[in-house]
Amino acid sequence: MKRLKTRVIVNPESNRGRTRRRWKEIRETIRGFIKEFSLDFTEKPLQAIELTRSAIKEGHDLIIGVGGDGTMNEIANGFFEDQKIINPDSALGILPSGTGSDLSRSLNIPKKWREALKVITQAPSARIDVGRVVFKDHSGKEAERFFLNVADFGVGGEVVRRVNERRLERKASSYLRCLISAMVNYRSRRVRIRVDGHDLPEDEYLIGAIANGRIFGKGMKVAPQARLDDGLFDLVLVKGMRFLEFCRQGWKIFLGTHLSHPKISLVRGRRIEALNVEAGDVLLELDGEQLGTLPATFEVLRQRFPVKGFV
């Protein structure tokens with residue numbers, strides 16, 4: 001097998017700083033599989049984008065990300081420049097060191113570092129779909145971002161905002177607590193949605209999940225039938241529910257058995273447009289990061305992104 005020129009990009013603050021504290025152990029585990037690699041530590045948000053972009057331009061074939069879903073999102077965005085992938089032969093390797101790591105679950109990458117490194121060093125590169133979204137950032141300007149796993153609008157963005165504001169550990173119990181607190185006062189927003197040029201009935205939605213992968217929210221199987229390489233988003237829409245109704249039904253999302261509920265629908269498509277039609281922001285989150293609001297347009301780029309994993 002060709003020896004890949006490898007760059008490791010580490011978010012030391014991932015998993016509430018545990019990655020920094022366990023870095024010596026992580027580094028020695030990597031060296032057990034890859035003898036030579038260069039290394040970067042991120043020091044600020046969005047830095048992984050530029051570090052990745054520079055590494056690929058320098059000829060690195062394999063970029064290993066050490067962190068959670070937000071870190072992997074930044075690294076994935078660094079594979080692109082001017083909306084084009086810089087080198088289609090460079091691949092992403094994921095070494096999960098976050099609190100959620102939902103993307104790695106969709107790719108069947110083990111949580112244990114040694115097992116994940118076996119995948120990185122032995123699995124062929126799979127070409128998965130990547131989502132591109134144009135949205136409104138918090139300053140009101142149009143912005144663009146790529147995502148690998150799941151984007152969603154509605155209460156999910158509110159939950160991520162609360163987790164970040166309260167500086168809570170990003171684990172399932174934190175998301176569940178913030179979900180419950182958000183649901184107490186959250187009012188579903190009226191949204192107009194178009195899928196591949198066809199308008200859906202305008203309605204009030206609690207959640208709109210644009211899913212490339214199957215899992216988000218630290219283990220919720222929001223789109224249990226989604227595939228990372230089929231060229232389609234699974235759009236899962238949850239209409240407005242009262243708090244008690246959601247409490248009775250919401251646990252089914254963790255199990256992936258929620259799609260039969262009459263207020264939940266699944267639509268597949270390549271291009272999805274979502275526009276809020278009443279006053280007030282509808283928050284948007286991508287791969288676990290709250291970045292802006294609707295209106296937004298989501299487009300799937302089929303089998304454009306190379307990653308080490310099993311689709």
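Predicted model: local features only at pLDDT ≥ 70, side-chain atom pairs only at ≥ 80, totals over all residues.

Biologist: What is the radius of gyration, and what would a compact globule have?

Modeller: The protein chain has a radius of gyration of 19 Å. A compact globule with 311 residues would have a value near 19 Å, so the two agree. Along the principal axes, the C-alpha atoms fill a box of roughly 55 × 35 × 35 Å.

Biologist: And what share of the residues counts as buried?

Modeller: Of the 311 residues, 55% are buried. The accessible surface of the chain is about 14100 Å², and carbon and sulfur atoms account for 48% of that surface.

Biologist: Which share of the contacts joins residues at least 24 apart?

Modeller: That share is 74%, counted among contacts between residues at least 6 apart in sequence.

Biologist: A change of topic: how far apart are the mean positions of the positive and negative charges?

Modeller: They are 5 Å apart, for 54 positive and 40 negative charges in the protein chain.

Biologist: Now the aromatics. How many aromatic pairs does the structure hold?

Modeller: The structure holds six aromatic pairs. One of them is formed by F80 and F146, whose rings are stacked, with 4.0 Å from centre to centre and 15° between the planes.

Biologist: Where in the chain do F80 and F146 lie?

Modeller: F80 belongs to strand β4 (residues 80-81) and F146 to strand β8 (residues 142-147). The pair therefore ties together parts that are 66 residues apart in sequence.

Biologist: Are F80 and F146 buried or exposed?

Modeller: Both F80 and F146 are buried.

Biologist: What about F147 and F298: why is that pair edge-to-face?

Modeller: The planes of F147 and F298 are at 85°, with the ring centres 6.5 Å apart, so the pair is edge-to-face. An angle over 60 degrees counts as edge-to-face. F147 sits in strand β8 and F298 in strand β17 (residues 289-308), so to speak of sequence, 151 residues apart.

Biologist: What is the relative accessible area of F147, and what is that of F298?

Modeller: F147 has a relative accessible area of 1%, and F298 has 0%. F147 is buried, and F298 is buried as well.

Biologist: Finally, which residues form the aromatic cluster?

Modeller: The cluster is formed by F79, F80, F146 and F305.

Definitions and conventions:
Residues numbered from 1 in each chain as written. Heavy atoms only, no water. Rg over C-alpha atoms; globule rule 2.2 N^0.38 Å. Buried < 20%, exposed > 50% of the residue type's maximum accessible area, 1.4 Å probe, protein only. Contact = heavy atoms within 4.5 Å. Areas by Shrake-Rupley, 256 points an atom, 1.4 Å probe, with all protein chains shown as cover. Lys, Arg positive; Asp, Glu negative; His and termini not counted. Charge placed at Lys NZ, Arg CZ, Asp CG, Glu CD. Phe/Tyr/Trp six-rings, centres within 6.5 Å; stacked < 30°, edge-to-face > 60°. Helix = DSSP H or I, 4+ residues; strand = E, 2+ residues; numbered from the N terminus.
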